[in-house]
Amino acid sequence: MADTAFAAMHRKAPTNPVPIPQEEKSETKLGVKPLEPTDIPSDLDVPDNYVTRTIETQKRLPPVTMANWHKNIQWVSFLALTVTPALTIYGLFNVKWNTYTAIWSVVYYFVTGLGITAGYHRLWAHRSYTASRPLEYILACAGAGAVQGSIKWWSRGHRAHHRYTDTSLDPYSAHEGFWWAHVGWMIFKPRTKIGVADISDLTRSKVVRWQHNNYLSLLLVMGLFFPMGVAGLGWGDWKGGFFFAGAARLLFVHHSTFCVNSLAHWLGEHTFDDKHTPRDHFITALVTIGEGYHNFHHQFPMDYRNAIKWNQYDPTKWFIATAQLLGLASHLKKFPDNEIKKGIYTMQLQKLAQAGEVIEWPTDSNHLPVVSWDDFVDESKNRALIAVHGFIHDVSSFMDDHPGGQHALKRFIGKDATTAFYGGVYDHSHAAQNLLAMMRVGCLEGGMEVEHLKQKVRERSLSGSSANSAFSSNEDVASLASYSSGRLSDGELSDVDFLQDLPKKEKPKHQPGCYVPDKFTLAIPPSEEFKIIRSAPRLRKTGGGHGSMASMTSLEDVSRADKIGDVAPLVAAAA
Ligand SMILES: [Zn+2]
Ligand SMILES: [Zn+2]
């Protein structure tokens with residue numbers, strides 16, 4: 001058998017047309033045809049391109065409209081879903097209140113609800129744990145009392161829901177609308193054939209076959225006679241037993257389960273993944289006996305839990321764990337914690353990235369002009385320019401706002417304030433570093449005042465080749481690279497390489513660390529890539545020829561004042 005399955009997996013997909021796997025022939029929701037055990041999975045011969053080809057080629061019934069709705073009704077489901085609320089409303093106005101019956105109705109709501117959540121859903125549809133034979137019978141009976149079809153019928157649809165979530169092969173796809181996912185898919189004939197899903201394992205279960213083959217009698221006993229009998233024989237309230245423990249309780253159990261298909265795909269958070277519609281929400285959990293952490297459930301469907309935190313409401317999980325303590329359940333499955341954390345981490349990164357997109361970031365060193373020390377000093381006579389850690393900053397608009405006072409800035413105009421900034425005078429906070437980065441207008445050639453580069457500029461201006469170009473030849477660029485990093489490279493030298501060659505950071509004793517370059521001042525990802533505000537400029541490629549470099553030798557003329565719309569002549573104030 002295993003060999004056949006393996007061979008089938010590697011068989012080439014036929015091109016055209018795709019045979020859709022034949023499944024069990026016509027079946028009714030109430031499942032009256034006897035269920036035979038089989039070893040052959042219904043998806044054994046499924047072609048590689050089954051989903052896309054089926055969606056493309058499958059015929060779709062026209063949408064349900066006001067004109068054709070009466071021709072499209074599935075009467076058995078329709079009656080089951082309309083008679084129950086009608087009986088409930090009648091009972092509310094005509095049947096005497098009895099507290100015992102009220103309590104019994106709530107208790108039986110949980111009993112039959114757990115038959116679906118702990119039985120149909122987590123045990124049979126997902127095999128998330130192993131139940132002992134007695135527990136299997138209890139859950140099969142309780143589930144029948146919820147009147148939602150047999151285990152076989154229910155699990156087959158639910159496995160298709162997980163396998164083809166949000167596609168037209170999903171029997172209750174959330175993309176067809178809230179009400180379609182809630183009840184529409186049962187009241188009206190399906191618009192397409194739902195996707196194939198194997199339940200051969202279930203056909204081999206004695207309990208599943210027993211429940212399926214006796215479904216109609218089980219439904220009547222567990223859905224009606226038992227809840228009515230308990231109230232009638234227990235405290236003589238036959239009528240209340242019928243209307244409340246029977247009909248009203250059933251109405252609530254129905255819509256509780258339906259909310260897993262509708263509400264759980266609409267309300268709440270994408271805690272672990274946002275590829276599909278399922279979401280996590282406490283309210284959904286509250287109305288579905290703990291099935292509301294549906295985003296988790298679709299990501300980790302074989303986990304016996306829906307809620308993984310202690311403070312999240314999941315009575316189904318508590319029920320299964322208690323059954324284990326009592327020796328009625330075993331092999332409770334849990335997904336690896338590491339993989340669960342990965343999902344949370346990814347979604348949080350995505351949220352951070354979105355938050356980062358609305359933040360304004362400093363200009364990257366690759367987009368700033370590179371200027372020589374002499375040009376920087378020259379231009380400082382007209383603007384309040386201060387060099388810090390290889391960047392030139394226009395602090396004109398910040399003079400009045402500087403917490404350390406104007407004088408502390410003024411004395412560094414046209415000078416390198418790196419030592420003072422990084423602890424020599426004051427060890428600035430990361431917020432201060434970020435703010436300073438926003439005032440960048442250029443990069444300093446060589447990163448600081450470099451004597452031999454100054455000499456080259458002077459020689460060049462004497463020879464008259466270029467008056468103000470700091471980088472007019474490849475030779476200059478090479479000399480800069482060799483000076484700064486101690487090695488030459490044809491490619492780009494990252495600032496990480498650059499920093500590796502700087503003296504190792506050593507904590508000074510009894511004084512703040514002076515001129516210790518910090519690799520990261522802030523690490524927030526505004527896109528899929530982490531954005532790090534660079535505290536030192538990146539070195540440029542050495543092989544670009546004159547053109548690109550020559551065009552970037554004057555300082556960017558946009559100051560922070562321009563960016564924030566404050567264009568008062570602050571330079572005068574600085575001078
Ligand atoms: Zn779902
Ligand atoms: Zn499920």
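Helices are DSSP runs (H or I, at least four residues), numbered from the N terminus.

This is a predicted model, in which local features need pLDDT of at least 70 and side-chain atom pairs count only at pLDDT 80 or more, while totals for chains, interfaces and linings use all residues. Residues are numbered from 1 along each chain as its sequence is written, with chains lettered from A and ligands numbered from 1 in the order in which they are written.

Next, select α4 (residues 99-125) together with α14 (residues 315-325), which pack at about 75° with their axes, lines fitted to C-alpha atoms over the stretch in contact, 10 Å apart. That angle makes α4 roughly perpendicular to α14, a label covering 65 to 115 degrees. Leu-114, Thr-117, Ala-118 and Arg-122 of α4 make the contact with Thr-316, Phe-319 and Ile-320 of α14.

Now colour the largest nonpolar core, which has 57 residues and in which Trp-124, Leu-139, Ile-151 and Ile-320 have the most contacts; such a core is a set of buried Ala, Val, Leu, Ile, Met, Phe, Trp, Tyr and Cys residues joined through C-beta atoms within 7 Å. Its largest share, 11 residues, comes from α4. Finally, a second, separate core of 27 residues includes Trp-373, Ala-387, Leu-409 and Ala-417.

Technical notes: Axes are lines fitted to C-alpha atoms, for helices over the stretch in contact, and angles run from 0 to 180 degrees between N-to-C directions. Helices (H or I, at least four residues) and strands (E, at least two) are DSSP runs, numbered from the N terminus. Angles under 35 degrees count as roughly parallel, over 145 as roughly antiparallel, 65 to 115 as roughly perpendicular and the rest as oblique. Two residues are in contact if their C-beta atoms, placed from the backbone, lie within 7 Å. A residue is buried if 20 or more other C-beta atoms lie within 10 Å of its own, exposed if 12 or fewer, and partly exposed in between; C-beta atoms are placed from the backbone.
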